[in-house]
Amino acid sequence: MNTASTHEHAAGSQTLMIEGAGCASCVGKIEGALKSVPGVDSAEMNFADRSVLVTGRVDAASLIAAVENAGYGATASEAGSDEDAMAEKEEADKAYYGRLMLNMKMALGLGLPLMVYSLFGGAMTVTTGAEQLAWLAVGVLTLGVMVFSGKHFYVGAWQSFKNHSANMDTLIALGTGTAWVYSMVVVLLPAFLPEMARHVYFEATAMIIGLINLGLALELKARGRTSEAIKRLIGLRPKTARVVLGDRERDIPIERVMSGDVVRVRPGEKIPVDGQVVDGQSTVDESMLTGEPMPVQKRAGDEVVAGTINKSGTVLFRATRVGKDTALARIIQMVKQAQNSKPPIGRLADVIAGVFVPTVMIIAVVSALIWLNFGPEPTLAFAIVSATTVLIIACPCALGLATPMSVMVGVGKAAEAGVLIRNGQALQTASKLTAMILDKTGTITLGAPKVTDIVLVSRLGEDEVLQMAASLESGSEHPLAMAITESAAERGLQAEKVEEFNAVAGHGVQGKVGGKALLFGNEKLMKDRGIDYARYLGAAKRLAEEAKTPMFFAVDGFLAAVIAVADPVKEDSLAAIRRLQKANIRVVMLTGDNHATAKAVAAKVGIREFFAEVLPEHKAEKVAELQAQGELVGMTGDGINDAPALAMADVGFAIGTGTDVAIESADVTLMRGSLHGLADAIAVSKATLRNIKQNLFGAFIYNVAGIPIAAGVLYPFFGILLSPVIAGAAMAFSSLTVVSNANRLRLFKAQEH
């Protein structure tokens with residue numbers, strides 16, 4: 001929630017943009033410094049985009065001061081909206097990218113010619129007065145490169161030193177600084193060194209600074225792609241809304257739309273704010289929000305959501321949620337928070353990185369001492385080269401990027417599919433679930449009774465029977481009556497006037513429609529009124545076994561049809577549950593319904609385990625029972641009466657369409673009603689965790705394998721000693737590899753089969 005005023009910040013959350021954070025060990029220091037400020041509830045840094053989300057009652061000035069005292073720079077995001085924040089970040093990234101590229105050009109402009117000179121046999125030693133003067137000029141130019149192109153490394157290292165800590169900047173500053181100081185000693189005091197040791201390493205200093213700047217620039221460019229999901233979500237919102245004011249209509253900026261305003265949306269336009277349709281009907285494309293491709297029919301009384309596209313008709317709706325309260329705004333905020341949060345595997349990387357830098361510095365010193373005491377001549381030169389190379393190759397920036405890059409892409413990928421993951425913990429745990437509890441009503445089934453079967457007895461057609469039944473039931477408020485009237489309305493059938501209507505308690509209803517005497521109810525009603533229904537008892541029993549409620553419909557004293565009503569299973573529930581079972585997840589159904597209905601529904605969707613007649617307050621106990629059996633349990637429900645069970649589960653999945661309770665009550669919200677969203681969430685989670693592990697493995701192996709080679713363990717056997725320049729290039733491009741691997745996740749597509 002990026003708000004401009006300090007007053008708003010004081011009671012909510014705010015975003016700080018961080019400067020000077022070079023590696024994962026910086027994350028812990030910055031978060032720790034912010035958490036120590038009185039009034040801060042939490043501080044979560046996203047190393048991937050160098051931002052920190054701080055929540056609590058505290059002003060921005062105190063937070064910035066805390067970050068600066070820790071040795072880093074910080075600015076408060078002054079954006080008033082998500083669009084402004086994204087534009088502000090893009091502008092800052094563009095400027096930073098330009099600066100890094102200029103730094104790189106300056107450094108490589110000096111380093112490359114020196115490197116080429118060295119490769120083609122040029123003497124990199126000081127033996128004559130002329131050489132001494134020439135190399136002195138090169139040394140001064142290299143110092144200029146260090147100041148102009150590498151200043152941020154040295155400033156960062158100094159700030160870190162003042163705070164009794166070390167980070168990536170420390171390693172780069174020590175490595176390049178040592179190489180330059182040693183080279184200047186060779187140039188200014190060659191007589192004090194043996195002839196074999198009079199080798200200069202100015203090209204190493206310039207090349208390393210240039211290559212690391214290039215690596216940072218390429219990483220920044222690749223990092224920009226990870227926020228595509230947020231950009232797309234923000235792009236869903238129109239800039240203006242057409243508000244109806246009496247007999248006039250005006251286009252006004254979306255920020256000025258108030259709750260209660262009546263808004264007109266024409267075909268092809270985006271719906272600007274959340275609201276309720278008051279006039280007109282249309283189909284609305286909600287795919288950008290829910291991942292569901294089929295447009296949804298909207299008429300008076302239906303909810304519409306900001307960012308969705310009105311396809312066919314013109315509608316008027318009353319605004320109910322505006323600004324940051326719309327479902328879309330809250331989804332954007334949730335995605336951003338989830339991208340900022342760290343799963344446990346990410347926190348492990350931060351801890352390791354915090355210990356890693358000082359360990360590397362010790363290894364560099366030990367390596368130099370071994371070369372000085374046991375190495376061949378020139379021992380000092382070899383000691384300097386090995387220590388410098390160890391410091392450069394060990395920079396753990398790839399380690400710091402490994403987790404946040406994958407989390408950013410994974411959470412964004414899930415959001416595109418209509419799956420909202422609240423935090424990194426849920427993202428990681430979802431990949432390990434062994435059992436999934438599914439609520440029946442509204443999760444496996446549609447959650448609203450529908451007419452499922454019409455068994456015709458007379459010559460009357462289905463529509464004729466349904467129209468008469470709906471006309472008769474239009475005066476009743478019974479849930480089954482609503483199912484009849486809604487099913488008739490879906491077929492475009494108009495209810496006719498009812499006369500002599502009478503509800504027969506516990507049996508059904510009777511009345512006259514169009515002069516015909518109608519009876520509609522259970523077997524007992526037919527028996528009492530002398531209707532011959534015996535031949536259709538078998539059909540009624542079969543329907544009852546399928547978890548449907550059969551009702552008999554008679555016209556003028558003769559049975560006309562058997563109409564069955566049920567809460568039907570969603571079309572894709574069976575396929576989605578099969579996907580979960582194929583992933584070796586134990587699927588269990590939970591319902592408050594009777595045993596016979598539960599058994600029929602479970603059989604339909606291929607679930608072998610189910611619990612029937614479970615009260616809402618006992619659902620959490622069922623979750624605990626499975627956990628006691630050693631299962632890692634996911635719970636999927638509608639987010640209202642299932643709230644205790646959702647909270648008890650290792651990961652709670654709420655099926656909803658962006659409603660308040662559905663979004664707030666679970667770790668993961670499935671924006672579309674399909675259980676395929678559940679399987680997609682688990683698939684994305686597994687793909688993200690796999691990607692994080694690949695990144696961490698790559699970063700660890702690179703560092704662990706690179707350090708001994710840099711220290712010179714291969715030299716006694718093969719005569720191989722790694723050049724500091726190669727170490728600098730490898731370090732820079734290892735970060736790029738991690739970012740590129742994370743971006744592969746953007747190509748991931750869950751298979752619905």
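Visitor: Before we start, what do buried, exposed and partly exposed mean here?

Guide: They go by relative accessible area, taken with a 1.4 Å probe on protein chains only. Over 50% is exposed and under 20% is buried. What falls in between is called partly exposed.

Visitor: And what kind of model is this?

Guide: Residues are numbered from 1 along each chain as its sequence is written, and side-chain values use heavy atoms, with hydrogens and water left out. Local features need pLDDT of at least 70, side-chain atom pairs count only at pLDDT 80 or more, totals for chains, interfaces and linings use all residues, and the model itself is predicted.

Visitor: How many salt bridges does the structure hold?

Guide: A salt bridge is a side-chain nitrogen of Lys or Arg within 4 Å of a carboxyl oxygen of Asp or Glu. Going by that rule, the structure's count is 16.

Visitor: Is E249 buried or partly exposed?

Guide: The side chain of E249 meets that of R264 in a salt bridge, at 2.5 Å from N to O. E249 sits in strand β6 (residues 248-253) and R264 in strand β7 (residues 262-265), 15 residues apart; strands (E, at least two residues) and helices (H or I, at least four) are DSSP runs numbered from the N terminus. R264 has a relative accessible area of 25%. For E249 the value is 31%, so E249 is partly exposed.

Visitor: Which residues are linked with E249 in a network of salt bridges?

Guide: R264 belongs to this network. Together with E249, the linked residues are R242, D251 and R264.

Visitor: How many residues apart in sequence are the parts that D453 and K548 tie together?

Guide: Their side chains meet in a salt bridge of 2.8 Å, N to O. D453 lies in strand β16 (residues 450-456), while K548 is in the loop between α20 (537-545) and β20 (549-555), so the parts tied together are apart by 95 residues.

Visitor: Is K548 buried or exposed?

Guide: The relative accessibility of K548 is 13%. That is why K548 counts as buried.
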